[in-house]
Amino acid sequence: MTTLAPPRSQPQAGPAATGTSLWAATKLVAGREIAVKIRDKAFVIGTILFLVIAAASTVLPAIFANGSSTVAVVGTGDVGAALDRAGMEVVAATDVAQAEQLVRNGDVDAAVVPGDDLGEIRVLAMDRTPDSVVRALSSSPPVQLLDPDAVDQVLAFLVPMSFSMVFFFLSISFGVQIAQSVTEEKQTRIVEILVAAVPVRALLAGKVLGNGALALGQVVLIALVAVVSMQAVGGDTALLAQLGPAIAWFIPFFVVGFVLMASLWAVTGALVTRQEDISGASGPAQLVIMAPFFLVIFLNGNPTAMTLLSYIPFSAPTAMPLRLFFGDAATWEPIVALLVLLGAAALCLVLAARLYEGSLLRTNGKTSLRAAWQERETRVS
Amino acid sequence: MLRVASVDRSFGGRRVLDDISFEVVPGRMTGFVGANGAGKTTSMRIILGLLSADSGTVTWNGEPVTRAVRQRFGYMPEERGLYPKMKIREQLVYLGRLYGLTAPAARRSVDELLDRVGLTERADDPLEKLSLGNQQRAQIAAALVHDPEVLILDEPFSGLDPIAVEVVAGVLRERAGRGVPVLFSSHQLDVVERLCDDLVIIAAGAVRAAGSRTELRTRYAMPRYQLVLDGDAGWIRDVPGVSIVDLDGARVVIELADPADDQTVLRAALARGPVRSFGPIVPSLAEIFREVTQ
């Protein structure tokens, strides 16, 4: 005869203490990161400021480009008509002295007055040759463009600058915030409660995920604002068509690149015990953000260097979309570079998880990388 | 039962825990007493899995303490930890959810607890806006939010005003009354004396004494008696087998070579005149502590 074993008596279980899986814990940690950040005034103001800069940097050049100069003209005739045709505002002046005074007062940008000889003219300006006025009054030879599709010089400077700046600023600002939030948990020792409750890896993953989602949100907003304001001012559809794929590729590169950076910053935060010590410990993490930033800015005219940079994980997030923008990359190239970046990010995350586990509970001063690597304080059961 | 068995731990060659073994019994408050650096916090961290033991085991109801088991433990670290800028209710709900509660269950539990520790009105204030005593109450609530099966509290009474001590003690007693084993460390021996059912005394990384409070008192009771007479008690030094510990006119504290001599002493005293009181001196926790850690 078999009898059923009586259920082992246990103190009553919690209200619903079912335990949390790694993923559930990660989501909770990420949710807290997001909730805290979007209620943080500094973060909200920073985001708005970023969007204003994005809008301004697309709108203002267009406004300045179309902005008409004001020119004083003594006498009328061909000169006034030519300037008018070039879209400038013409003001009539009675004599040379008055025209000169208008220029000195800043009422006009330049003045066109009769020259010493009859029929000749002279242009007056304060400290810079008014090229647009001179151009309007000169006869230009006809120009034939051999490569009309090539990227405009201004854009060739602005676009790499914008991509690099966006990646640079978001990596640094989110990176520092991740490090701060890790150190805050160490400093207040809430980390002891957290680690007792959920796996250390969930804390790391949650921070990367939460901040990653916010950073992605900012990038998408910036891209939207840039595109919308570009259409609003000029509607340069050719430029949009050119920029579109670069922006579309920039987003996945940004996301994976962000994970790479975020894991480095999380480890940076875990190595120290006080907020004040973060800047001292963040040298390596800053270097891998700064170095690619400057390399891409200075070398974006050098195809060989850019090819190399577009495959190096730390610079790929900006270099590859730029090569796509300039039309230098084959279609398979971004895929390969993204895979390389994914691999690097995964590797970095695994290493970071171990260093994070090894340093998170060490609360006596700064932990060396070596000590963090060797001493895995946390039990991994 | 929570059982710590033969736990050793060294830090960089220095042994801080040496073959630590003790038990925390469900329904009882176990006071964990020791000087600073004796190994209390290290032991608690090992129970919580924040540190690994070099050897030895921690078991709950006979099973090894894995993360799943530990999620049903409540813990209050020595150096208080909560988010300074986060609202109390919000962070307690967050912790409850990390322990595996659903959002509604966590909210319900947090509201009850805040009411119990008297923080309902401060629920939406950030932690840093609270007085230290109130922060401590919030900390207790953090350890209880998931209605844990086991409670481990590192110095829960340090820095509390007398009213808060009563509140916290009351909450812990309640939990013990529901069958939860409660382990709490303290260096305030008077508080431990008043609250604990069982005691673990640790010194220099080793358990010096462990058992129920009454058992330890009996075990460490010194053969000392206090006698109060009407007249001067100086004559007692001539009674064989008696040595005087403290003499103050009519009141004398004596130590007996053989505890069985107590009746002889009493008879001798009665023969000389009225005896106002006579009885053994029960050692205080402080005395037991001094005795076992010397």
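**Entry 1: where the chains meet**

I began with a helix pair across the two chains: helix α7 (residues 190–197) of chain A and helix α3 (residues 88–98) of chain B have axes that come within 9 Å and cross at roughly 30 degrees. For the record, helices (H or I, at least four residues) and strands (E, at least two) are DSSP runs, numbered from the N terminus. Axes are lines fitted to C-alpha atoms, for helices over the stretch in contact, and angles run from 0 to 180 degrees between N-to-C directions. I therefore put α7(A) and α3(B) down as roughly parallel; angles under 35 degrees count as that, over 145 as roughly antiparallel, 65 to 115 as roughly perpendicular and the rest as oblique.

Which residues make the contact? On α7(A) I found A:Ile190, A:Ile193, A:Leu194 and A:Ala197, and on α3(B) B:Gln91, B:Tyr94, B:Leu95 and B:Leu98. Contact here means heavy atoms within 4.5 Å. By class I noted seven nonpolar residues, one polar and no charged. In this scheme Ala, Val, Leu, Ile, Met, Phe, Trp, Tyr, Cys and Pro count as nonpolar, Asp, Glu, Lys and Arg as charged, and the others, Gly among them, as polar.

A note on the ground rules: this is a predicted model, where local features need pLDDT of at least 70 and side-chain atom pairs count only at pLDDT 80 or more, while totals for chains, interfaces and linings use all residues. Residues are numbered from 1 along each chain as its sequence is written, chains are lettered from A and ligands numbered from 1 in the order in which they are written, and side-chain values use heavy atoms, with hydrogens and water left out.

**Entry 2: chain A**

I looked up the record next: an unreviewed UniProt entry lists "transmembrane region" for residues 42–64, 154–179, 213–234, 246–272, 293–314 and 334–356 of chain A. UniProt positions are in the numbering used here, feature names are shortened, and annotations may be inferred rather than shown by experiment. I checked two of those spans. Residues 246–272 of chain A are 96% helix and 0% strand, with end C-alpha atoms 38 Å apart. Residues 293–314 of chain A are 64% helix and 0% strand, and there the end C-alpha atoms lie 9 Å apart.

Chain A is divided into domain 1 (67–145) and domain 2 (152–380), with bounds from an automatic or database domain assignment. I get 51 Å between the two domain centres, taken over C-alpha atoms.

The unreviewed UniProt entry has "domain: ABC transporter" over residues 2–229 of chain B. That span is 35% helix and 29% strand.

In chain B I traced an open sheet of four strands, β2-β1-β4-β5, with antiparallel pairing; two strands pair if DSSP finds at least two bridges between them. β2 (14–24) and β5 (63–64) of chain B are at the edges with a single partner strand each, so one side of each has no neighbour in the sheet.

I then went pair by pair. β1(B) and β2(B) share seven antiparallel bridges, and B:Leu2 stands opposite B:Val24. They form a hairpin with two residues between them, where B:Gly12 in the turn has a positive phi of about 50 degrees. β1(B) and β4(B) pair over five bridges, with B:Arg3 opposite B:Thr59. B:Thr59 also stands opposite B:Pro64 in β5(B). Helix α1 (residues 40–47) of chain B lies across β1 (2–11), β2 and β4, at about 115 degrees to β1(B).

**Entry 3: the six-stranded sheet of chain B**

How is the pairing of the six strands arranged? The order is β6-β7-β8-β3-β9-β10 (chain B), an open sheet with mixed pairing. β6 (73–76) and β10 (206–212) of chain B stand at the edges. On average, neighbouring strands of this sheet are turned by 15 degrees against each other, direction ignored.

β7 (residues 150–153) and β8 (residues 182–186) of chain B run parallel over three bridges, and B:Ile152 has B:Leu183 as bridge partner. β9(B) and β10(B) are antiparallel with six bridges.
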